Amino acid sequence: MARVYVLYTGGTIGCVTNPDGALAPVPGAAFERRVLATPGLSDHRVQDYPDLSWTMGWFDRTLDSSNMTPADWVAIARRLLSVYDQYDGFVVLHGTDSMAYSASALSFLLPGLSKPVIFSGSQVPLSFTLSDAPANLVGAVVVAGTLPVPEVCVYFDTKLLRGNRSSKVDANRFAGFDSPNFPPLASVGSVIARNEPYWLPMPDAAVSLADPDNRAKRLAALDALPAALADFSVVMLWLYPGIRASTVSAMLTATSPAAKGAVLLAFGEGNGPTDPDFLAALSAAVTAGVVLMDNTQVQRGAVLPGAYSTGLGAVGAIGAYDMTPEASYAKLVCLLAGGLDATAVKAAMPVPQAGELTVID
């Protein structure tokens, strides 16, 4: 029998209306009772799937995903690793607002993943009658227990997306997530249509988390991250017409703790103003050791380093190709927290680690 571990972290899916009329997530035990009352999920089983069962876990503190921090990414990764050998797949129920960031981060925090880790949630709480939560929840559990896809994914509105390629694209519709630059890994309808040519391969035995020694090493590495995360910042800076050098300098050099990385949301194929003061502010940050990522603020397409004279590569920014801003941010955070210096981070950022980007020659 396939066993799926469901980790409830909070988010809209677990919300009820509080006395003030606002939505707030319920504690884990209360949410599990509601899930057990959901048609098809009673008795920790999945109706029509006799060889599939699920178990639910949670943290003492439930979160709206707007309150998620990189330290919470580490906590999620540690929890999954702590029960890794007991289950065949994993579901992380998470708020939608920062789900793409967390899913991206887990893909970098869990190298050697040999089982599916499926992030899901909903646009409307499970406690509401007209909700996307039941379909997303059942679909995520079924996918985690039946598809041997060895990577971190987002399952939403019948589509299974690579986690570090996903973005939230709609605040209201049930089709809240998309993968603008990469095909879905599977889609769920009357049958589950697998897009296996796009799945990551199973990891080599030398790095696979199926090996207890590798899991122990990864847990030790994760244990060191919270202290490291407290010592630096990574910022995101959206470029806009008329942006001032003083604004750039304030974000890149006056942040506390000091910024070690920045994701620039540039125009088009990675372009920015050619104003000398603006470029000088970026150059000063690079000189100070800040790693700059040149991402596009456009939803589809890629940064093409050197394509335009207005490109930001001349000041030392690293072209992100087709990496999402969420993945770029999460990757920067994970590499810097791992102790790499600026030179090593610059070398690693444009190299695929978990299928997060396509290198364009």
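Which residue in E16 does Gly261 stand opposite? I looked it up, keeping in mind that this is a predicted model: Gly261 faces Val291.

Next I checked the strands behind that pair. E15 covers residues 259-266 and E16 covers residues 291-296. They run parallel, and six bridges join them. I also found Val263 in this pairing, with Met293 as its bridge partner in E16.

Then the other neighbour of E16. I see E17 running parallel to E16, with two bridges between them. Here Asp294 stands opposite Gly319 in E17.

Stepping back to the whole sheet, I get four strands in the order E14-E15-E16-E17, an open sheet with parallel pairing. E14 (233-238) and E17 (318-319) are the edge strands; each has a single partner, so one side of each has no neighbour in the sheet.

How many of the six residues of E16 are buried? I counted six of the six, so E16 is largely enclosed by the rest of the structure. I sorted its side chains by direction: Val291, Met293 and Asn295 point one way, while Leu292, Asp294 and Thr296 point the other way. Both sets are buried.

Last, the helices. H8 (residues 276-287) sits in a right-handed β-α-β unit with E15 and E16. I also noted H9 (residues 325-337), which lies across E14, E15 and E16 and runs at about 170 degrees to E15.

Conventions
Residues numbered from 1 in each chain as written. Predicted model: local features only at pLDDT ≥ 70, side-chain atom pairs only at ≥ 80, totals over all residues. Heavy atoms only, no water. Pairing = 2+ DSSP bridges. Contact = heavy atoms within 4.5 Å. Axes fitted to C-alpha atoms, helices over the stretch in contact; angles between N-to-C directions. Buried < 20%, exposed > 50% of the residue type's maximum accessible area, 1.4 Å probe, protein only. Right-handed = clockwise from strand over helix to strand, strands pointing away.
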